[in-house]
Amino acid sequence: MSAPAPKPASTSFCVTEKKPKRPQQVFTLLVEVGRSADDDLPKGATGAALMIYASGVDEQEAVNETVNVLQTAGLHPLDVSGYGTLEERLADGHDISDEERGLMDRALAENAVIVVQMTPFFEDETPNGPH
């Protein structure tokens, strides 16, 4: 009787399954920025609010990309508020113009962060106007 043949050495390798690629979406963000040495805010401004359309696979990615772009541009982001995707905003009853939709489409096509509006803040202003 002969001994059993030795088993070949086990070769193991890792097969990674590719996760399905999540589609990019466009998120509406409101970013408050403070002053920094390199910003282009108007003289006397204490900061600004920026309305932004930013692409990302989720809102967190859109926020991260937005903060990076703003910091690269010399701005100092302080706070970011998310207002969701086009579909979420429509579901919330927001009225969105064709111009806004066009900018959202551009942000998606270019995988970009687009500043739609900038409103500077001045120290002598209150929510109800100047004192």
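1. S55 sits in strand β2, residues 45–56. The model is predicted; local features need pLDDT of at least 70, side-chain atom pairs count only at pLDDT 80 or more, and totals for chains, interfaces and linings use all residues. Residues are numbered from 1 along each chain as its sequence is written, and side-chain values use heavy atoms, with hydrogens and water left out.

2. S55 has a relative accessible area of 3% and is therefore buried. Buried means under 20% relative accessible area, exposed over 50%, and partly exposed in between, with a 1.4 Å probe and protein chains only. Not counting residues up to four places away in sequence, S55 touches Q24, Q25, V26, A62, A107, L108, N111 and A112; contact here means heavy atoms within 4.5 Å.

3. Which side chain makes a polar contact with the side chain of S55? The partner is the side chain of N111, at 2.6 Å. A polar contact is a pair of N or O atoms within 3.5 Å; within protein, one must be able to donate a hydrogen and the other to accept it, and residues adjacent in sequence count only if both atoms are side-chain atoms.

4. N111 lies in the loop between α3 and β4. Its relative accessible area is 52%, so N111 counts as exposed, whereas S55 is buried. N111 is not a glycine, yet has a positive phi of about 50 degrees, and this residue comes just after α3.

5. Helix α3 covers residues 98–110, and its 13 residues should span 18 Å at 1.5 Å a residue; the end C-alpha atoms are 18 Å apart, which agrees. The expected span is 1.5 Å times one less than the number of residues.

6. Strand β2 is mostly covered, with ten of its twelve residues buried. β2 runs antiparallel to β1, and ten bridges join the two. Strands are taken to pair if DSSP finds at least two bridges between them. Within this pairing E32 stands opposite A49 of β2, and Q25 has G56 of β2 as its bridge partner. β2 also pairs with strand β4, residues 113–122, in the antiparallel sense over nine bridges; there A54 is the bridge partner of V113 in β4.

7. β1 is mostly covered too, seven of its ten residues being buried. V31 stands opposite V80 in β3.

8. T85 is in strand β3. Is T85 buried or exposed? At 5% relative accessibility, T85 counts as buried. Its contacts, leaving aside neighbours within four places in sequence, are Q25, V26 and F27. Q25 and V26 are also among the residues that S55 touches.

9. The largest nonpolar core has 14 residues, of which L29, V33, I52 and L70 touch the most other members. β1 (25–34), β2 and α1 (59–72) each supply at least two residues of this core, and β2 gives the most, with five residues. A nonpolar core is a set of buried Ala, Val, Leu, Ile, Met, Phe, Trp, Tyr and Cys residues joined through side-chain atoms within 4.5 Å. L70 is in contact with V31, V33, L50, I52, L75 and P77, leaving aside its neighbours within four places in sequence.

10. A second, separate core has eight residues, including V26, I96, M104 and A112. V26 and A112 are also among the contacts of S55.

11. For the chain as a whole, there are three helices and six strands, running β-β-α-β-α-α-β-β-β from the N terminus on. Buried residues make up 29% of the 131 residues. Among contacts between residues at least 6 apart in sequence, 70% join residues at least 24 apart. The accessible surface comes to about 9500 Å², of which 52% belongs to carbon and sulfur atoms; the areas come from the Shrake-Rupley method with a 1.4 Å probe, and for residues only the protein chains shown count as cover.

Conventions. Helices (H or I, at least four residues) and strands (E, at least two) are DSSP runs, numbered from the N terminus.
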